[in-house]
Amino acid sequence: MSVLMNVSIVVYFLIFMASVSYSVKFHFGKESKDERGNGILHASYAFAYPIIIFGWLIITLTDEYINSFSLDGYKMAMMILLTGTNIIHAIILFSLKKLS
């Protein structure tokens, strides 16, 4: 079980790093400077970043009313929320770029 957990963490970290590099490459590349790229970037932000608000609300309500998190559990939930949002942002950027 421990090996599977460690492999999952490494795979998640690699996916996160790939999404960060893709987002930064798109954001600072020449493609995001034109009108089409700017629209793709704004649409991706509009889809991805409300997840932070709803995710934080769900984590807070779960912590308050269902099951209290330990400090480590709360840190892990927030880390997954923030990194997961960036992964979703990169996936939406990739898909909108292919559709346009």
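A: Start with residue classes. Ala, Val, Leu, Ile, Met, Phe, Trp, Tyr, Cys and Pro count as nonpolar, Asp, Glu, Lys and Arg as charged, and the others, Gly among them, as polar. Keep in mind that this is a predicted model.

Q: How many nonpolar, polar and charged residues does the lining of the largest pocket have?

A: The lining has 8 nonpolar, 2 polar and no charged residues.

Q: How is such a space found, and what is the volume of the largest pocket here?

A: Rolling a probe the size of a water molecule over the atoms shows where empty space is left. In this model the largest pocket has a volume of about 230 Å³.

Q: Which residues line the largest pocket?

A: From one stretch of the chain come M5, S8, I9, Y12, F13 and F16. M76, M79, I80 and T83 complete the lining. The biggest share is from α1, with 6 residues.

Q: How do α1 and α4 pack?

A: Read the angle and the axis separation together. For α1 and α4, the angle is about 50 degrees and the axes are 9 Å apart. The two helices are therefore oblique to each other. Their crossing is left-handed.

Q: Which residues of α1 and α4 meet?

A: On the α1 side, they are Y12, I15, F16, S19, V20, Y22, S23 and F26. The α4 side brings I80, T83, G84, N86, I87, H89, A90, L93, F94 and K97. By class, this contact has 11 nonpolar, 6 polar and 1 charged. Y12, F16, I80 and T83 take part in this contact, and Y12, F16, I80 and T83 also line the largest pocket.

Q: At what angle do the axes of α3 and α4 cross?

A: Helix α3 (residues 50–66) and helix α4 (residues 71–99) cross at roughly 160 degrees, and their axes come within 10 Å. Angles over 145 degrees count as roughly antiparallel, so α3 and α4 are roughly antiparallel to each other. Handedness here is right-handed.

Q: What meets what between α3 and α4?

A: I51, I52, G55, W56, I59, T60 and D63 of α3 face Y74, A77, M78, L81, L82, T85 and I88 of α4 in the contact. The classes are 10 nonpolar, 3 polar and 1 charged.

Q: Last pair: how do α2 and α3 pack?

A: Helix α2 (residues 35–48) and α3 have axes 5 Å apart, at an angle of about 10 degrees. That makes α2 roughly parallel to α3. Y45, A46, F47 and A48 in α2 touch P50, I51 and I52 in α3. This contact has 7 nonpolar residues, no polar and no charged.

How values were computed
Residues are numbered from 1 along each chain as its sequence is written. This is a predicted model: local features need pLDDT of at least 70, side-chain atom pairs count only at pLDDT 80 or more; totals for chains, interfaces and linings use all residues. Side-chain values use heavy atoms; hydrogens and water are left out. Axes are lines fitted to C-alpha atoms, for helices over the stretch in contact, and angles run from 0 to 180 degrees between N-to-C directions. Helices (H or I, at least four residues) and strands (E, at least two) are DSSP runs, numbered from the N terminus. Angles under 35 degrees count as roughly parallel, over 145 as roughly antiparallel, 65 to 115 as roughly perpendicular and the rest as oblique. A crossing is left-handed if the near helix is turned anticlockwise from the far one by less than a right angle, and right-handed if clockwise. Contact means heavy atoms within 4.5 Å. On a 1 Å grid over the protein atoms alone, a cavity is a set of points where a 1.4 Å probe fits but cannot get out, and a pocket is an open set with protein on both sides within 12 Å along at least five of seven lines; lining residues have an atom within 4 Å of a point. Grid points are joined across faces, edges and corners, and a volume is the space filled by probe spheres set on the points.
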